Amino acid sequence: MSRVGKKPIEIPQGTNVEVKQDVIKVKGPKGELSYTFPEGMKISVADGKVAVERNSDEKVDRALHGLARSLISNMVSGVSQGYSRVLEITGVGYRAQVKGNKISFTLGYSSPVEYELPAGISAKVDEKQTTITLSGIDKQLLGQAAANIRELRSPDAYKGKGIRYSGQRIKLKAGKTGKK
């Protein structure tokens with residue numbers, strides 16, 4: 001049996017979980033999320049805990065057991081606490097500004113780059129305009145938005161200029177050496 005899949009998920013205070021046919025809906029103080037779980041899974045809610053069980057020991061069901069449990073756990077913690085991702089901008093003149101649901105970046109290109117945030121994701125930029133904090137309740141959507149923003153100007157291998165995740169270490173390459 002899956003080690004991840006057999007762990008029950010604790011439901012925090014103020015969070016409501018409903019299971020109807022093959023859809024699970026999680027409501028909490030931050031919002032609401034739903035997930036259509038695979039056919040081979042059986043989800044039950046009892047005593048403030050969510051249990052995920054599989055119907056058979058087929059390879060596909062074993063593979064999806066832990067995945068379904070992890071996705072439901074992320075939904076429960078997302079609607080109760082939320083998630084955030086911090087991005088840092090490194091480089092002379094590189095900065096960002098939030099304008100409604102768009103972020104405008106100055107990244108050394110000839111014109112500013114605008115990125116429209118997906119619904120459910122919000123952004124804040126610090127006073128220096130070099131740190132972006134993305135927050136939302138959907139962990140997958142938040143991670144994808146952060147990856148798309150990072151892709152606008154990935155960190156350079158020689159000087160380290162670009163957008164990186166907070167705490168990410170970039171191994172810099174040595175530059176050209178003079179001929180002797």
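What order do the strands of the open sheet of four strands have? The order is β11-β12-β7-β13, and the pairing is antiparallel. Strands pair if DSSP finds at least two bridges between them. Strands (E, at least two residues) and helices (H or I, at least four) are DSSP runs, numbered from the N terminus.

The model is predicted: local features need pLDDT of at least 70, side-chain atom pairs count only at pLDDT 80 or more, and totals for chains, interfaces and linings use all residues. Residues are numbered from 1 along each chain as its sequence is written, and side-chain values use heavy atoms, with hydrogens and water left out.

Axes here are lines fitted to C-alpha atoms, for helices over the stretch in contact; angles run from 0 to 180 degrees between N-to-C directions. β7 and β12 run antiparallel and are joined by six bridges. Tyrosine 83 stands opposite glycine 136 in β12.

Helix α2 lies across β7, β12 and β13. It runs at about 5 degrees to β7. The helix spans residues 139-152, 14 residues in total. From first C-alpha to last, α2 reaches 21 Å, close to the 20 Å expected at 1.5 Å a residue; the expected span is 1.5 Å times one less than the number of residues. Leu142, Ala145, Ala146 and Ile149 of α2 are buried (under 20% relative accessible area; exposed is over 50%, partly exposed in between; 1.4 Å probe, protein chains only). They cover an arc of only 100 degrees around the axis, which puts them on the same side of α2. The arc is that of the directions from the helix axis to the C-beta atoms. The cover over these buried residues includes β7 (83-90), β9 (102-106), β10 (113-116), β12 (131-136) and β13 (162-165). The face turned away from the buried side carries exposed Gln140 and Glu151. At the start of α2, a side-chain oxygen of aspartate 138 comes to within 3.3 Å of the backbone nitrogen of glutamine 140.

Serine 80 belongs to helix α1 (residues 59-80). Serine 80 is buried, with a relative accessible area of 18%. Its side chain reaches the backbone oxygen of valine 76 at 3.0 Å. Leaving aside neighbours within four places in sequence, serine 80 is in contact (heavy atoms within 4.5 Å) with Pro12, Thr15, Pro29 and Lys30.

Conventions. Polar contact = N/O pair within 3.5 Å; in protein donor to acceptor, adjacent residues only side chain to side chain.
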